Amino acid sequence: MKRLSVLMSLIILLAFNAFGQRYLTKTGHIYFYSKTPFETIEAHNRQVNCALDVKSGMFVFKVLMRSFIFEKALMQEHFNEDYVESDKFPNATFIGKIDNVKEIAFNKAGTYNAKVSGTLTIHGVSRTVHENGTFIVSDKGIAAQSKFLIKLSEYNIDIPEIVAREIANEFNIFVDVDLKSLKK
Amino acid sequence: MKNFSFAVVLFFLLLSGSKVFSQNDLMNLFNEKKPVTEYTIATFKTTRIVLGQSVENPAPGNLIFVIQHHFGYLNQGAYEFFGLDQASIRLGFEYGITPWLSIGVGRASFEKTYDGSVKVKIFRQSKGKTNMPITFSYFGNVGINTLKISDKTLNYYFTNRLTFVNQLLIARKFNRTVSLQLTPTLVHRNLVKKRIDENNVWSLGAGGRFKLTNHTSLNLEYYYLLPGQTANDYRNSFSVSFDIETGGHVFQLYVSNSQGILGQHFITGTIGNWLKGDILFGFNLTRTFVVKKPKGFNK
């Protein structure tokens, strides 16, 4: 009987352990921005997939390229057809981890600076990246925010000479995701 | 024995309960259970293949300003500066109301013709939840010839000035390089010049886009006149275009044997013969204005 109660409490403990370990969103927001004197390019994606395992610090993103919305439909078409070639490479992904996961108390409300590293894959090109970000823990969940730069040339995205003055090589990327605890 | 089985149960329980998720496990959380319909984009770069319509509509909320311009025949020699002394032009606006409906207005210099048009997408090529191999559209326009009547004694009605184009646009994007379109066409003219001329002219158009690089493509367009008086008196229209896309613009540079720009003119009234060098140079310039911002584009 004693054993049974130990067993029961173990099961309950484990069940609770698993609960609240993983956080997920499918409606995260990523946008990018580049400005030259001739053209401002800005696009928003509000269907970003992001998941976080607060125990191990594993942190992944999956971004459907076709979900980026531009002000000019023609620009959006060119983005998909000619630049990121989203028929060949439908998704951009990030597979990484929080390097300083021990310093972040995911069970305590607050704002934490994080160092994140991993593999960023865009246009079929994978690169190891190290970026800084912020985690905001609240009773609603975990918000993650980051801002970083990417160079198009590093991801084999060609800018034809005729538009070289309109499209900058460097793009500012803004990440803003609200993760909710995965109840399963 | 009892202790042993308890230990085994505990062991497996701990094993299953030790929540170590791999990165793949996390990625698998994103897998969609239900397939979604993915519509084909960019079957053609713009709303025209060369002179004739393509299945592309202006995006909803977008206004396209089109300048269509071409010169005279190259084989007229240096006196006409190889055709550059002559010009034929059409200015037009096209507006996307919904993803499947657009309207247009314009004016062509040939016969001082005003036109109004409508293009309706009936099916869109798609894969995923809905599999549709083709895009199928209807295009219709009405042209109003506004030339002055030289002989005032004639009993001339307004309806005499009207011409109509009706087209079915059937296109498929086969892969990222090749898109093809078939365009059965009926041109109706309320008044024709001679008694023998046809009021209804049937034609079958065919066109294609072949991508050369990510930013350029080669377009071909041919309109075959079905046997009849028009086919006896006129030639089939054939045009070749080189499209350059630069950020938000599309330039189409073309050569053709057709002087007309509107369907009622170039499909039924082409006299140029490619083999004799009756070739003219022309271009389409489009400039897009965003009238209504798309949903989802805001901070």
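Which residue, with a positive phi, follows helix 2 of chain A? In this predicted model, helix 2 of chain A is followed by Glu85(A), whose phi is positive and near 50°. Local features here need pLDDT of at least 70 and side-chain atom pairs count only at pLDDT 80 or more, whereas totals for chains, interfaces and linings use all residues. Residues are numbered from 1 along each chain as its sequence is written, chains are lettered from A in the order in which they are written, and side-chain values use heavy atoms, with hydrogens and water left out.

**Chain A**

- Chain A contains two helices and nine strands, where helices (H or I, at least four residues) and strands (E, at least two) are DSSP runs numbered from the N terminus.
- Along the sequence, these elements of chain A follow the pattern α-β-β-β-β-α-β-β-β-β-β.
- Of the 184 residues of chain A, 52% count as buried, a term for under 20% relative accessible area, with exposed meaning over 50% and partly exposed lying in between (1.4 Å probe, protein chains only).
- Taking contacts (heavy atoms within 4.5 Å) in chain A between residues at least 6 apart in sequence, 59% join residues at least 24 apart.
- Helix 2 of chain A is mostly covered, as nine of its eleven residues are buried, and among them are Leu74(A), Phe79(A), Glu81(A) and Tyr83(A).

**Between chain A and chain B**

- In the interface, 51 residues of chain A are in contact with 47 residues of chain B.
- The area buried between the two chains is about 4600 Å², of which carbon and sulfur atoms give 63%; buried area is the accessible area (1.4 Å probe) that two parts lose on being put together, summed over both.
- Eight salt bridges are counted between chain A and chain B, each being a side-chain nitrogen of Lys or Arg within 4 Å of a carboxyl oxygen of Asp or Glu.
- Lys211(B) forms a salt bridge with Glu81(A), with the closest N and O atoms 3.1 Å apart, and Glu81(A) is also one of the buried residues of helix 2 of chain A.

**Strand 10 of chain B**

- Asn200(B) is found in strand 10 (residues 200-211) of chain B, and it counts as partly exposed because its relative accessibility is 37%.
- Leaving aside neighbours within four places in sequence, Asn200(B) is in contact with Leu186(B), Val187(B) and His188(B).
- The side chains of Asn200(B) and His188(B) make a polar contact (2.5 Å), a term for a pair of N or O atoms within 3.5 Å in which, within protein, one must be able to donate a hydrogen and the other to accept it, while residues adjacent in sequence count only if both atoms are side-chain atoms.
- Asn200(B) and Thr130(B) are 70 residues apart along the chain, and their C-alpha atoms are separated by 37 Å.
- Trp202(B) also belongs to strand 10 of chain B.

**Arg90(B) and its surroundings**

- Arg90(B) lies in strand 3 (residues 87-98) of chain B and is buried, with a relative accessible area of 5%.
- The side chain of Arg90(B) makes a polar contact with the side chain of Asp115(B) (2.9 Å).
- Not counting residues up to four places away in sequence, the residues that Arg90(B) touches include Arg48(B), Gln68(B), Arg107(B), Asp115(B) and Leu262(B).
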